[in-house]
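Visitor: I would like to learn how to read the helices and the surface of a model. Please take me through one.

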Amino acid sequence: MTYMRWIYLALAVWGAIHPMYYFMSYLAANAWSLGALIDAWYVNDSTTGLTWDLTIAAITLTVWIIAEVAMRRNWSALIAIPATYCIGVSCGLPLYLYLRSRPVD
């Protein structure tokens, strides 16, 4: 495995664990209310802007993944889409780069 693949993999793991710590801490302190978490994303203009920034980045990443998977036939890279929406762009993007950087049959 190349040096860059290790970096992408490490960033994907970090991007899954680090943000999830904060989500879980918030949920634990707020009776595991997903609605309260979503409400917190829109509490002021700063968080609303960040929420939209990440949403647009996630949609853009999804379009890119689908376009490249259709061209390269690297079907396993599609796993980065649910990782993006279930975990976050901080996991989905480096995971996709990790999967994209491997040789395709």
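This is a predicted model: local features need pLDDT of at least 70, side-chain atom pairs count only at pLDDT 80 or more; totals for chains, interfaces and linings use all residues.

**Reading the helices**

Visitor: Where does H1 bend, and by about how much?

Guide: Look at methionine 20. H1 bends there by about 25°. Just after H1, alanine 31 has a positive phi of about 55°.

Visitor: Which residues of H1 are buried, and what covers them?

Guide: Arg5, Ala12, Gly15 and Leu27 are buried in H1. Their cover includes helix H2 (34-40) and helix H5 (89-100).

Visitor: How does the length check go for H5?

Guide: The rule is again 1.5 Å a residue, so the 12 residues of H5 should span 16 Å. The end C-alpha atoms of H5 are 16 Å apart, which agrees.

Visitor: Which residues of H5 are buried?

Guide: They are Val89, Cys91, Gly92, Pro94, Leu95, Tyr96, Tyr98 and Leu99. H1, helix H3 (45-72) and helix H4 (80-86) are among what covers them.

Visitor: Now the surface. Which residues form the nonpolar patch?

Guide: Leu34, Ile38, Trp41, Tyr42, Trp52 and Ile56 form it, with about 610 Å² of accessible area together. H2 and H3 are the elements that give two or more residues to this patch.

Visitor: Take leucine 34: buried or exposed?

Guide: Exposed, because its relative accessibility is 51% and the cut-off is over 50%. Leucine 34 sits in helix H2.

Note on methods:
Residues are numbered from 1 along each chain as its sequence is written. Side-chain values use heavy atoms; hydrogens and water are left out. The bend at a residue is the angle between axes fitted to the seven residues ending there and the seven starting there. Helices (H or I, at least four residues) and strands (E, at least two) are DSSP runs, numbered from the N terminus. Buried means under 20% relative accessible area, exposed over 50%, partly exposed in between (1.4 Å probe, protein chains only). Contact means heavy atoms within 4.5 Å. The expected span of a helix is 1.5 Å times one less than its number of residues. Patches are made of residues with over 30% relative accessible area and no salt bridge: like charges are joined within 9 Å, nonpolar side chains (Val, Leu, Ile, Met, Phe, Trp, Tyr) within 5 Å. Accessible areas come from the Shrake-Rupley method with a 1.4 Å probe; for residues, only the protein chains shown count as cover. A salt bridge is a side-chain nitrogen of Lys or Arg within 4 Å of a carboxyl oxygen of Asp or Glu.
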